[in-house]
Amino acid sequence: MRFLVCIKQVVDTSKMEVDPSTGRLNRSKANSIMNPYDRHALEEAFRLRDQNGGTVTVMTMGPPQAEAVLLEAVSMGADDIYLITDRAFGGADTLATSYTLAQAVRKLEPFDMIFCGQESIDSNTAQVGPQLASMLGIPDVSAVTALALTGRTAEITRQMEEESEVLTAELPLLATVAPSLNHPRYPSIQGLQKKWTVKAQILTAADLQADPGRIGIQGSPTQVKRVRPVAPPKKENLVIQETKTADSVRVLMQALQKAQVF
Amino acid sequence: MDFSDYQGIYVVAETRNGKVCDITAELIGQARCLADQKKQKAIVLLAGRNVAGEAERLTALGADEVYIFESPLFDHYDGQAYERVLGSFLCERKADTILVGATAAGRDLAPRLSAKLVCGVTADVTELSAESDTGLVIWSRPAMGDHIMADIVSPRFRPQMGTVRPGVFPMPEEDRNRQGRVFRMPVHLTAADMGTVLKRIIPGEKESDPLEEARIVVAGGRGIRSRDEWQGLYRLAALLHGSVGATRPICEMGWEPHSRQIGQTGKLIAPAVYFAFGISGAMQHICGVQADIMIAVNQDPQAPIFQTADYAVVADVKEFPPLFIEAVESLKKRHASQVSVCRL
Ligand SMILES: Cc1cc2nc3c(=O)[nH]c(=O)nc-3n(C[C@H](O)[C@H](O)[C@H](O)COP(=O)(O)OP(=O)(O)OC[C@H]3O[C@@H](n4cnc5c(N)ncnc54)[C@H](O)[C@@H]3O)c2cc1C
Ligand SMILES: Nc1ncnc2c1ncn2[C@@H]1O[C@H](COP(=O)(O)O)[C@@H](O)[C@H]1O
């Protein structure tokens, strides 16, 4: 079977800091990493390959330095890696990204299963998976928490608002992977060695015969009009700092009664 | 670009066991505002197995038109089938704006629809408005690990679409006298059109008092050092008819389940009153709280939580809560009845 995993290089948003006085985002401590959700997507593809035989192809769309996450995927066990890169892809939103990935899939077809992460930590949209499936005309299941493959039938569990649903679907199928599905493996020694000997195969806009109106900024419907600090404005500015805690309690009670909380 | 033939504010309704979900009512409220501002109609698409009975409620909530898509195959959400039925309809109709709930199903459906309609979609919107001159919808959402808010627009493409987080916008009042038109649409679906087949449902454990519904939240962080002190939060919450919430480290220690965690990787809450006891106020926590009034108790006058708190109490969380509980109890006694929480 041929498995495909889409992975993304992201800035580590958990290492970002916001200056509370200016609301400015400080990214200096935030390195580029593989989107953590995508490790779970990779793991699932490796697990199914190890069980059923076949290959795991991994691709990413990004700038040249995004090759780093592909090489990391090799160290974990990826068979083939593709870097989809071109200046013309720059500024893509999820729709343009999905279109570009769909063109790459068409070039590298056929695949039995495609995996994406549930979402990316830098944009958190969870859109690329379902969009890609739609463009390829295949079913998808989002945020999969359990998966078993018997022949060409997948049994899948997904978490809805209150309950979980167990579904079956025939391949080909796209699944976006929730972190609870599995525990991603660590790089192997062979993988780490292989990582130094391979290079990603490059796919450009011309290679993909991409419609210029559907890629990059041109093909991106959404635009960021402005960004602003998330911290809500301070509504009241009462600091209560009595020497005796009992006095602080009294002052707060009075303030809350005045504010009609009580 | 002339988009004047793109008309109508559409809401994709969601139902559970044949009943319309709260998020759908919240979306209709927003659609009504946008429709009035842009002088367009608010239109609801109601797809499901046995849902026609809910159409009247949707008009009472503010819909001008309701389109019903019933099929026995809609016993569960199926991205491929929903895209086929609703996507084709929306393509034909040239929708101006489409609102979808940021639920498990909505977060899958909206991107599938956007791929079919070749339009943009903004995820997890928490603020919504329209430019007064152009009518362009401004979708605002937390971004970059919730560190910032981004205002997103789609000036060059139609429809404009977004998924909206549940529980953020108010539910509109139902007005049974409102008139709306209801249309039953034919659904041409066969089993072969379905991407998935529902085998069984594993019921979730329903939470007894879900945090996101509480009007008063009493939350604690690592400043609280013992489980005895932690019980104090429950006493205060009981007194105020509120719920207990926690920061991530507290949940990681196992003092509270993950369903009690507030913040980026926990729940987004918008209570009337938020108490923070021994919480430092990390951005990943505070981004989950949109309270009308925030009261923070922390012994460190420099704690970041004080930047957002309305009442910053510099005190020890060992001493403060018991005395505060006592004060609330005595207030309650003085009023001889319950403390009426005006914010409720
Ligand atoms: C990717 C990512 C996602 C995250 N998601 C979340 C999330 O969803 N929710 C969340 O909460 N966190 C989240 N975090 C963690 C977050 O960054 C903080 O580490 C966490 O919120 C801190 O919790 P705390 O305030 O309980 O603990 P601390 O930061 O340790 O703060 C304890 C506070 O208690 C005060 N204190 C100590 N003793 C006393 C006393 N006796 N009396 C009064 N005050 C006292 C201290 O002054 C201090 O301010 C996330 C982190 C990352 C990296
Ligand atoms: N540029 C990209 N290249 C490859 N895969 C991507 C890219 N962007 C997003 N994805 C995939 O789509 C998933 C969801 O991302 P997002 O829609 O950005 O939240 C990610 O976990 C990846 O699997």
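The shell around ligand 2 is made up of 8 nonpolar, 9 polar and 3 charged residues. In this classification Ala, Val, Leu, Ile, Met, Phe, Trp, Tyr, Cys and Pro are nonpolar, Asp, Glu, Lys and Arg are charged, and the others, Gly among them, are polar. The model is predicted: local features need pLDDT of at least 70, side-chain atom pairs count only at pLDDT 80 or more, and totals for chains, interfaces and linings use all residues. Residues are numbered from 1 along each chain as its sequence is written, chains are lettered from A and ligands numbered from 1 in the order in which they are written, and side-chain values use heavy atoms, with hydrogens and water left out.

**Ligand 2**

- There are 20 residues around ligand 2, and A:Cys6, A:Asp38, A:Ser120, A:Thr125 and A:Ala126 come nearest; a residue is near a molecule if one of its heavy atoms lies within 4 Å of it.
- The side chain of A:Asn35 has an N or O atom 3.1 Å from an oxygen atom of ligand 2, and a polar contact is a pair of N or O atoms within 3.5 Å.
- Backbone atoms take part too: an N or O atom of A:Gly117 lies 2.9 Å from an oxygen atom of ligand 2, and a polar backbone atom of A:Gln127 is 3.0 Å from an oxygen atom of ligand 2.
- On its own, ligand 2 has 480 Å² of accessible area, of which the protein covers 98%; such areas come from the Shrake-Rupley method with a 1.4 Å probe, and for residues only the protein chains shown count as cover.
- In chain A, β6 (55-61), α3 (94-108) and β8 (113-117) are the elements that give two or more residues to the shell around ligand 2.
- Helices (H or I, at least four residues) and strands (E, at least two) are DSSP runs, numbered from the N terminus.
- With 3 residues, β6(A) gives the most to the shell around ligand 2.

**Ligand 1**

- The site of ligand 1 is shared between chains, because residues from chains A and B surround ligand 1.
- Ligand 1 is surrounded by 26 residues, the closest being B:Arg222, B:Thr247, B:Ile262, B:Thr265 and B:Ser280.
- By class, the shell around ligand 1 has 6 nonpolar, 15 polar and 5 charged residues.
- An N or O atom in the side chain of B:Gln261 is 2.8 Å from an oxygen atom of ligand 1, while a polar backbone atom of B:Gln264 is 3.0 Å from an oxygen atom of ligand 1.
- A nitrogen atom of ligand 1 lies 2.9 Å from a polar side-chain atom of B:Asp316.
- Of the 980 Å² of accessible area that ligand 1 has on its own, the protein covers 81%.
- The elements of chain B that give two or more residues to this shell are α6 (248-252) and α7 (283-286).

- A:Ser248 is in helix α6 (residues 245-258) of chain A.
- A:Ser248 counts as buried because its relative accessibility is 0%; buried means under 20% relative accessible area, exposed over 50%, and partly exposed in between (1.4 Å probe, protein chains only).
- Beyond its neighbours within four places in sequence, A:Ser248 is in contact (heavy atoms within 4.5 Å) with A:Ile240, A:Gln241, A:Glu242, B:Val313 and B:Phe320.
- Chain A is assigned domain 1 (2-219) and domain 2 (236-262), with bounds from an automatic or database domain assignment.

**Chain B**

- Chain B has 9 helices and 18 strands.
- Of its 344 residues, 60% count as buried.

Note on methods: A polar contact is a pair of N or O atoms within 3.5 Å; within protein, one must be able to donate a hydrogen and the other to accept it, and residues adjacent in sequence count only if both atoms are side-chain atoms.
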